[in-house]
Amino acid sequence: MRFQQLNEQLAYVSKCRLEIAKLYRRLHEGVDSSRVKLMLEYLQQHEKDVAKKIDNYIEEAPTRLLELWYNDIVFEDFIKRCQDIVIHANMDEESLLELHLELDNCLIGLLEKTERSSVPGEVKSALADLIRVEKIQQQRLVHSYIRMDDI
């Protein structure tokens, strides 16, 4: 997929987050472990919340920022990637965490690519803040998983 305006890219990231939530709902139906099911419920809600926050940002951000044009920001068909993931009934917590981090890092990578392509200023700063928040949320998730593993 090729993006031209920042608003297109952010809308796509939001759509990808909702697609990840659908994936987690699908996985929830096919896994056996109750701990994995709990993690999937949490992650599903988390993805919906992130998508909503991105959508709110798109609504509230100045139009001049959202209409900023980019050349050659190309990204994989992430939605197809999520749809192609096969459910394994014996998926464990660690496998789920690895899958989540892989998908999350892919979307963060897209934002980082855009941030690097941005000229210094308001957009670059906003993207850097978004990336920072995403990485902090990732760290919190990993720490929560480690604490859950100790239980």
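1. Basis. This is a predicted model, in which local features need pLDDT of at least 70, side-chain atom pairs count only at pLDDT 80 or more, and totals for chains, interfaces and linings use all residues. Residues are numbered from 1 along each chain as its sequence is written, and side-chain values use heavy atoms, with hydrogens and water left out.

2. Cysteines. A disulfide is counted when two cysteine sulfur atoms lie within 2.5 Å. The closest cysteine sulfur to that of Cys16 is in Cys82, at 6.8 Å, which is too far for a bond. Cys106 is in no disulfide either, since the nearest cysteine sulfur, that of Cys16, is 8.2 Å away. Cys16 is buried, with a relative accessible area of 0%, and Cys106 is buried at 15%. Buried here means under 20% relative accessible area, exposed over 50%, and partly exposed in between, with a 1.4 Å probe and protein chains only.

3. Helix H2. Helices are DSSP runs of H or I with at least four residues, numbered from the N terminus. The 27 residues of H2 (residues 34-60) should span 39 Å at 1.5 Å a residue, and the end C-alpha atoms are 39 Å apart, which agrees. The expected span is 1.5 Å times one less than the number of residues. Ser33 caps the N-terminal end of H2, with a side-chain oxygen 3.3 Å from the backbone nitrogen of Arg35. Buried residues of H2 include Val36, Met39, Leu40, Leu43 and Ile54.

4. Largest pocket. The volume of the largest pocket is about 220 Å³. Of its 14 lining residues, Lys53, Ile54, Tyr57, Ala126 and Leu130 are the closest to its centre. Helix H1 (6-30), H2 and helix H6 (122-150) each give two or more residues to the lining, and H6 has the largest share, 7 residues.

5. Largest cavity. The whole structure has 1 cavity of 30 Å³ or more, and the largest cavity has a volume of about 40 Å³. Its lining consists of Tyr42, Leu43, His46, His100, Asp104, Gln137, Gln138 and Leu141. At least two lining residues come from each of H2, helix H5 (93-117) and H6.

6. On a 1 Å grid over the protein atoms alone, a cavity is a set of points where a 1.4 Å probe fits but cannot get out; a pocket is an open set with protein on both sides within 12 Å along at least five of seven lines; lining residues have an atom within 4 Å of a point.

How values were computed: A polar contact is a pair of N or O atoms within 3.5 Å; within protein, one must be able to donate a hydrogen and the other to accept it, and residues adjacent in sequence count only if both atoms are side-chain atoms. Grid points are joined across faces, edges and corners, and a volume is the space filled by probe spheres set on the points.
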